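Q: Here's a structure I'd like to pick apart with you. Please take one part of it, look closely, and spell out the cut-offs as you go.

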Amino acid sequence: MKLASSNKVGLDAWVVGLILLGALLAVGVLDVYQLKLLGKVLIFWLIALGLQLLVAQAGVISLGHAAFMATGAYIAGLFSLQGQHDLILMLACVAVACAAFGSLMGALILRTQGLYQLMATLAIAQMAYYGFQSLRSLGGDDGFAVSNRPSVLGLITLNTDVKLLLAIIVILVLGLYVAHRIRRSEMGALMLAVRDDGRRVASLGISPYGVKVWAFLISAVFTGIGGALFAQLTRFTSPQLGSWYMSGELIILVLLGGGKTRSGLFLAAVAVVGIQEGVARYTDHWPLVLGALVLARVLWPENLGALKKAATPGEQGKAS
Amino acid sequence: MSLALLLEQLLNGLQFGLMLFLLSVGVTLIFGVMNLVNISHGSLFMLAAFFTYSAGARWGYGLGLLIGLGGIIIVAILLEWLVIRRLYQKSHLDQVLGTFGLMLIFNELVRIIWGSEPIFALTPNWLSGSIQLSENLYYPTYRLAITVVAILAGLAIWLLLSRTRIGMLVRAGADKRETVEALGVNINFLFAVVFVIGAVLAGLAGIMMGPLITVESGIGDPLLILALVVIVVGGAGSLKGCLAASVLIGMIDTLSRALVTADFAGGAGRAISSMSVYLLMLVVLLLRPQGLFTR
């Protein structure tokens, strides 16, 4: 177990600051389509920040996080159906719901080990997926439009994409700060310790199970808020957000981004969204490129690690 | 529901369970012997169906069958040699993501070669009628035929594993891999054989189920998830557990779809029948994490 040395963390923080500044400036000049892309990248970044805590820090793999994304998206959609609604209230509801769902799911699945744990996350997420699919009054399999945008404290209505993007950036900054504080906290250190040797943690009188449930809960809240913002950005939600392909994509973000830096996760989000949207301009077959990239990353981790070392400051990422 | 209808659903459930068994055998053997989680196993199911029915449309069913099985053997050998072999030593996360990537690649390759529209899966003429099982129960010949083939394939794999030298090595490898290796067995070759056997059985299931489902890109994936459920319920690496769990899950899945109507509980009927299998798996995981049918 090693914590990143402070100057590298400092460098990572500088890069994160530059990215955020760049995003702020970009909001002013981008057109509607490009704003959507930027929004997707930032939302995936936010989700990856939470998942990094669970997967890289606490060492728990989940193939079920799409369930939280869909939960967040559906709650955002329900608020939107009411007409005028408040962003903060909506996100608070998402956070509470995903914290409850996340701690329940975590408490159940963490009683199992290894492959079985993975299957358990998948099973619960599939049940949630079929649950959303059966909501016929909410469009069933087709989902429904999220047409009303929220307002903030009754002062500003986020009726344009620019305003929504600014709100997303503010939430992202909060998310970056919270994730950073958790990593540097006692809980963050405990997560690393649990990942490396749960029995030693237990011998100190701390329950490794409890630490992992917390990690699960935190990542669920991040993913849920990301899902709510995603529904607002795309003005649409459907059960597909909860499918296991989506769960795979979310884990891929952490794998590509590495375990330690925040800027690495940003690059991963850029890569995934870039492949989905950029390659899609030339061919429909973007999953081919994504699949090849993931396979290459798994088969030759050292080469891509070196690439990333050159491309990003901070430490070489390692996901497992 | 009449008795005949119930009987028909039971037969359908048994048959679906046996198909699941053919698909799951590969996954459970590969996990039991090589400790590898293979998400892309469903792609072999899909590829065999595509090989068979695109060749079969041109040159007839018999040749299509040969091309389908032969093609899947070649694909499996190449896949094991190029990719799977490098994944054995990796962590489960890397295995899941690597084979997830493979699955995406295969799905897209199929879409590139055959397009997104489903292709037509013909059945041979002599299997197209139905057979009268009782006074008012007619059952399609094709479904009966594939049930018989699945039972024969299951018997063959059981004989292979329990009565032959290679089967003995596979079972030994599942228990103590290092010891088998220390006894001078070429473990790489053994793994390759197990992988190809699993692929052929998955391919056989894909070919036989082709006419019953729509043959399109990604058809193997939902079944693969069910196969993973089978492995958890049956216990990894156990052939008997795999068979029992496959039939159990095939029955539950088929019967719940038939018995629980869509309007049940305010539109939640479909959800309940889709969820039932996962609910079973969750209960098994929490109460008997080692699987229902292992000692």
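The part to look at is the largest nonpolar core, along with its surroundings.

A: First, the ground rules. This is a predicted model, so local features need pLDDT of at least 70 and side-chain atom pairs count only at pLDDT 80 or more, while totals for chains, interfaces and linings use all residues. Residues are numbered from 1 along each chain as its sequence is written, with chains lettered from A and ligands numbered from 1 in the order in which they are written.

Now the core itself. A nonpolar core here is a set of buried Ala, Val, Leu, Ile, Met, Phe, Trp, Tyr and Cys residues joined through C-beta atoms within 7 Å; buried means 20 or more other C-beta atoms within 10 Å of a residue's own, with C-beta atoms placed from the backbone. The largest one holds 202 residues, and W45(A), A48(A), L253(A), A269(A), L22(B), V229(B) and M281(B) have the most contacts inside it. Helix α9 (residues 208-234) of chain A puts in the largest share, 16 residues. Helices are DSSP runs of H or I, at least four residues, and strands are runs of E, at least two, numbered from the N terminus. From chain B, the core takes at least three residues from each of domain 1 (34-215) and domain 2 (219-295), with bounds from an automatic or database domain assignment.

Zoom in on A269(A): beyond its neighbours within four places in sequence, it is in contact with V41(A), F44(A), W45(A), A48(A) and L253(A). Contact means C-beta atoms, placed from the backbone, within 7 Å.

Next, the place where the two chains meet. Here 37 residues of chain A are in contact with 36 of chain B. α5(A) gives the most to chain A's side, 14 residues. By class, that side has 25 nonpolar, 10 polar and two charged residues; Ala, Val, Leu, Ile, Met, Phe, Trp, Tyr, Cys and Pro count as nonpolar, Asp, Glu, Lys and Arg as charged, and the others, Gly among them, as polar.

As for chain B as a whole, it has 12 helices and two strands. Buried residues account for 49% of its 295 residues. Take its contacts between residues at least 6 apart in sequence: 75% of them join residues at least 24 apart.

Back in chain A, 14 of the 16 residues of α3(A) are buried, so that helix is largely enclosed by the rest of the structure. Just after α3(A), G83(A) takes a positive phi of about 95 degrees.

Definitions and conventions. A residue is buried if 20 or more other C-beta atoms lie within 10 Å of its own, exposed if 12 or fewer, and partly exposed in between; C-beta atoms are placed from the backbone. Two residues are in contact if their C-beta atoms, placed from the backbone, lie within 7 Å.
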